[in-house]
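Try each task yourself before you read its solution.

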Amino acid sequence: KDLSLNHSMISLGSCTMKLNATSEMIPVTWPELCDIHPFAPHDQVTGYHELIEDLNKDLAEITGFAAVSAQPNSGATGEYAGLMAIKGYLTSKG
């Protein structure tokens with residue numbers, strides 16, 4: 001059964017599973033991106049760092065934010081990050 005917002009509430013943390021199209025998830029299955037060991041030495045992952053930093057800079061420029069983070073991905077931590085961004089904006093406006 002498909003679940004949508006006009007029939008039910010979608011639980012927190014399920015956005016990645018429900019809202020990302022399969023075609024958007026394909027790149028994370030590429031061996032060049034997904035086969036890195038989580039404890040790989042820093043000097044062996046400079047390309048990954050460059051890719052993420054460039055993406056963050058591009059997204060910041062596109063959105064007009066001062067900065068963008070690749071983490072958190074989604075779920076409760078993503079919701080919290082969004083709320084903190086809204087809070088920061090509202091605080092800056094007084």
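**Exercise 1: The span of a helix**

Task: What span should the 18 residues of helix H4 have at 1.5 Å a residue, and how far apart are its end C-alpha atoms?

Solution: Helix H4 covers residues 46–63. Its 18 residues should span 26 Å at 1.5 Å a residue, and the end C-alpha atoms are 26 Å apart, so the two values agree. The expected span is 1.5 Å times one less than the number of residues. Helices (H or I, at least four residues) and strands (E, at least two) are DSSP runs, numbered from the N terminus. After H4 comes Gly64, with a positive phi near 85 degrees.

A word on the model: it is predicted, local features need pLDDT of at least 70, side-chain atom pairs count only at pLDDT 80 or more, and totals for chains, interfaces and linings use all residues. Residues are numbered from 1 along each chain as its sequence is written, and side-chain values use heavy atoms, with hydrogens and water left out.

**Exercise 2: Another helix**

Task: How far apart are the end C-alpha atoms of helix H5?

Solution: Start with the 18 residues of H5, residues 75–92. At 1.5 Å a residue they should span 26 Å, and the end C-alpha atoms are 26 Å apart, which agrees. Just after H5, Gly94 has a positive phi of about 85 degrees.

**Exercise 3: The whole chain**

Task: How many helices and strands does the protein chain have?

Solution: Count 5 helices and 0 strands. From the N terminus on, the order is α-α-α-α-α. Of the 94 residues, 6% count as buried (buried is under 20% relative accessible area, exposed over 50%, partly exposed in between, with a 1.4 Å probe and protein chains only).

**Exercise 4: Exposed or buried?**

Task: Is Glu32 exposed or buried?

Solution: First locate Glu32 in helix H3, residues 31–34. Its relative accessibility is 59%, so Glu32 counts as exposed. Next, look at Tyr48: its C-alpha atom is 9.8 Å from that of Glu32, though the two are 16 residues apart along the chain.

Now try two more residues. Glu53 lies in helix H4, and its relative accessible area is 46%, so Glu53 is partly exposed. Ile26 sits in the loop between helix H2 (22–25) and H3; at 42% relative accessible area, Ile26 is also partly exposed.
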